[in-house]
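I opened the model to look up its strands, its ligand and a few single residues. My entries follow in the order in which I made them.

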Amino acid sequence: MYMLHSCRNAGLSAVVLERGSGVGGTWYWNRYPGARCDVPSLEYSYQFSDDLQQEWEWSEKYATQPEILRYAEHVADRFDLKRDIRFDSLVTAITFDDSTNVWTTTLADGELIESDFVVSAVGCLSSANRPRFAGDEEFGGRIVHTGEWPHEGVDFRGKNVAVIGTGSSGIQAIPIIAKECSHLTVFQRTASYTVPAHNAPLDPDYVRNIKANYSTFRAKNMLTRAALGGDTPTGTQSASTVSDEELDRVLSERWNKGGLLFLGGFNDSMINETSNQRIADWVRDKIASIVTDERTARALQPDTVIGCKRLVVDSGYYETFNRDNVSLVDIGDKPIERFTPTGIVVDGEEHMVDIVVLATGFDAMTGSLLKLGVIGRDGLGLADAWSAGPANYLGLTVHGFPNFFMITGPGSPSVLTNVLVSIQHHVEWITRAIEHLRSTGQRTMEATESAQDEWVRHVNGVADLTLFPTCNSWYLGANIPGKPRIFMPLPGFPDYVARATDVERSSYRGFAFSN
Ligand code: N01
């Protein structure tokens with residue numbers, strides 16, 4: 001939506017093609033119970049219009065999916081965006097013509113749309129991962145995916161429910177479903193680390209204060225590694241050297257405050273194994289102190305590097321396992337054998353189920369991009385160009401694909417940040433790049449192969465300085481069988497912004513232009 005607004009401001013004509021029937025993206029599709037943002041509302045919002053950020057009133061520290069969707073609708077109406085958004089428009093191919101330098105986008109109904117530029121805004125977590133299980137076609141109940149939730153909702157009353165998957169989506173949905181259903185069985189392949197949200201209504205004085213100094217608040221956030229939480233700076237100590245008392249003091253303070261900044265209590269949580277282990281041990285103890293059944297508590301204690309898979313933020317997750325109507329089935333060592341018409345079999349035992357909730361995540365970062373069917377210069381398909389991983393320059397452009405831009409593409413900080421900030425940064429960068437082409441009388445710009453190779457080395461080099469590549473996360477594509485194992489996002493927002501700005505200042509170093 002912001003890209004459209006920005007194109008209009010630059011005097012360009014633009015159309016948005018959207019497979020959904022409404023605006024909101026993630027917040028349009030992910031309507032599962034408990035869906036809520038884990039970045040504070042006052043930060044997870046647009047900042048391109050001061051009027052907009054002054055007039056919109058968020059009700060809670062962390063906004064629910066319905067509230068964010070209302071916000072997206074408000075933005076669309078306020079800036080009259082819908083007249084250039086074509087809903088229910090599924091893109092099946094986008095092809096570059098080398099002789100005319102024109103892109104042709106094909107829609108599912110066969111319509112063709114020509115343009116000079118194509119900007120992908122398909123999102124990083126928008127292609128649902130729906131694993132198949134032996135016998136699932138015989139299952140007599142209902143199977144739903146959190147990322148493609150039925151708009152009319154799902155009635156869990158009186159039902160035996162299974163949730164498969166314990167990432168952010170599962171962990172948000174589980175406490176709510178447990179309260180509604182007859183019995184909930186959680187099938188956990190890998191235990192996640194999750195910290196409490198301590199969500200609450202927003203204090204009007206706090207909001208007034210932020211709104212009076214919104215630009216300063218935003219500017220502070222932009223200077224942090226994840227473009228969020230500028231008012232809660234990263235600790236200055238190493239968790240590897242502090243005393244047990246100091247470790248407990250810092251982590252208790254962060255735990256009681258709640259949210260993603262838990263890992264920022266120390267300056268080396270994601271780069272120092274000893275530090276990470278001490279923090280992980282502290283959280284494991286916390287889990288044992290909340291969950292009353294010892295066997296369940298042990299199964300819920302992760303044994304991976306904390307933060308390696310994305311940290312989860314919850315409301316009453318561990319407490320839910322103290323309910324009589326909730327059981328945990330650990331499928332880490334003994335996977336789901338099969339579905340039957342009435343349930344799910346693990347280790348020879350059938351768990352009776354009426355509704356299965358797949359909280360199994362997404363083909364992240366590249367899934368939706370590759371589904372676009374992009375064919376660049378010389379007939380090169382994006383899927384072929386990326387057979388060994390998503391090589392690109394700045395996370396914004398790909399060699400062989402002139403005038404094709406990606407918002408929050410792989411190779412940029414995207415999912416490691418408050419993504420609204422990353423989106424804004426990319427929209428403005430892309431708009432300026434197009435304006436540069438126009439003002440210099442050139443037709444196309446394309447990343448050079450050497451700039452792209454150097455960028456790929458840079459992204460891998462930064463990731464290798466961290467503990468991120470040490471587990472099977474979706475950041476690495478490890479959740480999708482056969483996907484190349486490459487750490488896709490780039491840690492460190494401020495350094496990234498500085499590099500992207502340098503490229504602009506040097507008249508687009510690393511790009512080739514044509515008339
Ligand atoms: O998906 P996930 P998600 N058999 O990939 C399991 C954002 N988000 O939708 O870990 C059995 O994290 C899988 O197991 P394992 C956020 O960035 C944000 O929950 O691969 N289990 C895992 O437990 C988040 O990180 C918000 O062993 C299978 C789970 O399914 C991202 O979206 C809310 C399986 C998938 O977890 C994705 O979160 C929601 C199989 N075949 C999401 N396949 C907020 O803002 C997968 N699993 C709060």
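**Entry: strand β16**

I began with strand β16 (residues 355-358), where Ile355 and Val357 point one way, Val356 and Leu358 point the other way, and all are buried. I take buried as under 20% relative accessible area, exposed as over 50%, and partly exposed as in between, with a 1.4 Å probe and protein chains only. In a regular strand the side chains alternate between the two faces of the sheet.

I note that this is a predicted model, in which local features need pLDDT of at least 70 and side-chain atom pairs count only at pLDDT 80 or more, while totals for chains, interfaces and linings use all residues. Residues are numbered from 1 along each chain as its sequence is written, and side-chain values use heavy atoms, with hydrogens and water left out.

Helices (H or I, at least four residues) and strands (E, at least two) are DSSP runs numbered from the N terminus. I call two strands paired if DSSP finds at least two bridges between them.

Which strands pair with β16 in the parallel sense? I found strand β7 (residues 142-145), joined to β16 by 4 bridges and running parallel. I also found strand β8 (residues 160-164), which pairs with β16 in the parallel sense over 4 bridges. Leucine 358 of β16 is the bridge partner of histidine 145, and leucine 358 also stands opposite isoleucine 164.

**Entry: the open sheet**

I then traced an open sheet of 4 strands in the order β5-β4-β3-β17, with mixed pairing. Its edge strands are β5 (112-115) and β17 (374-375), each of which pairs on one side only. Inside this sheet I looked up strand β3 (residues 91-97) and strand β4 (residues 102-107), which pair in the antiparallel sense over 6 bridges. Valine 91 has leucine 107 in β4 as its bridge partner.

In the loop between β4 and β5 I picked glutamate 111. Glutamate 111 counts as partly exposed, because its relative accessibility is 30%. I listed its contacts (heavy atoms within 4.5 Å). Not counting residues up to four places away in sequence, glutamate 111 touches Arg86, Thr105 and Thr106. I also checked glutamate 111 against threonine 234: they are 123 residues apart in sequence and 51 Å apart in space, C-alpha to C-alpha.

**Entry: the hairpin and positive phi**

Strand β14 (residues 343-346) and strand β15 (residues 349-352) run antiparallel and are joined by 4 bridges. Isoleucine 344 stands opposite histidine 351 in β15. β14 and β15 form a hairpin with 2 residues between them, and aspartate 347 in the turn has a positive phi of about 50°.

I looked up leucine 394 too, which has a positive phi of about 65° although it is not a glycine. I placed leucine 394 in the loop between α13 (382-385) and β18 (404-406). Is leucine 394 buried or exposed? Leucine 394 counts as buried because its relative accessibility is 1%.

**Entry: the ligand**

How many residues surround the ligand? I read 25, and the closest are Ser169, Arg189, Thr190, Lys309 and Arg310; a residue is near the ligand if one of its heavy atoms lies within 4 Å of it. The shell divides into 10 nonpolar, 10 polar and 5 charged residues. For these classes, Ala, Val, Leu, Ile, Met, Phe, Trp, Tyr, Cys and Pro count as nonpolar, Asp, Glu, Lys and Arg as charged, and the others, Gly among them, as polar. Helix α5 (residues 168-180) gives the largest share of the shell, 3 residues.

An oxygen atom of the ligand lies 2.7 Å from an N or O atom in the side chain of serine 169. I found an oxygen atom of the ligand 3.0 Å from a polar backbone atom of threonine 166, and one 3.3 Å from a polar backbone atom of alanine 359. Taken alone the ligand exposes 920 Å², of which the protein buries 88%; the areas come from the Shrake-Rupley method with a 1.4 Å probe.

**Entry: two helix residues**

Lysine 211 sits in helix α6 (residues 204-212). Lysine 211 counts as buried because its relative accessibility is 11%. Leaving aside neighbours within four places in sequence, I found lysine 211 in contact with Gln53, Gln54, Glu55, Trp56 and Glu57.

Proline 66 sits in helix α4 (residues 65-78). With a relative accessible area of 39%, proline 66 is partly exposed.

Technical notes
A polar contact is a pair of N or O atoms within 3.5 Å; within protein, one must be able to donate a hydrogen and the other to accept it, and residues adjacent in sequence count only if both atoms are side-chain atoms.
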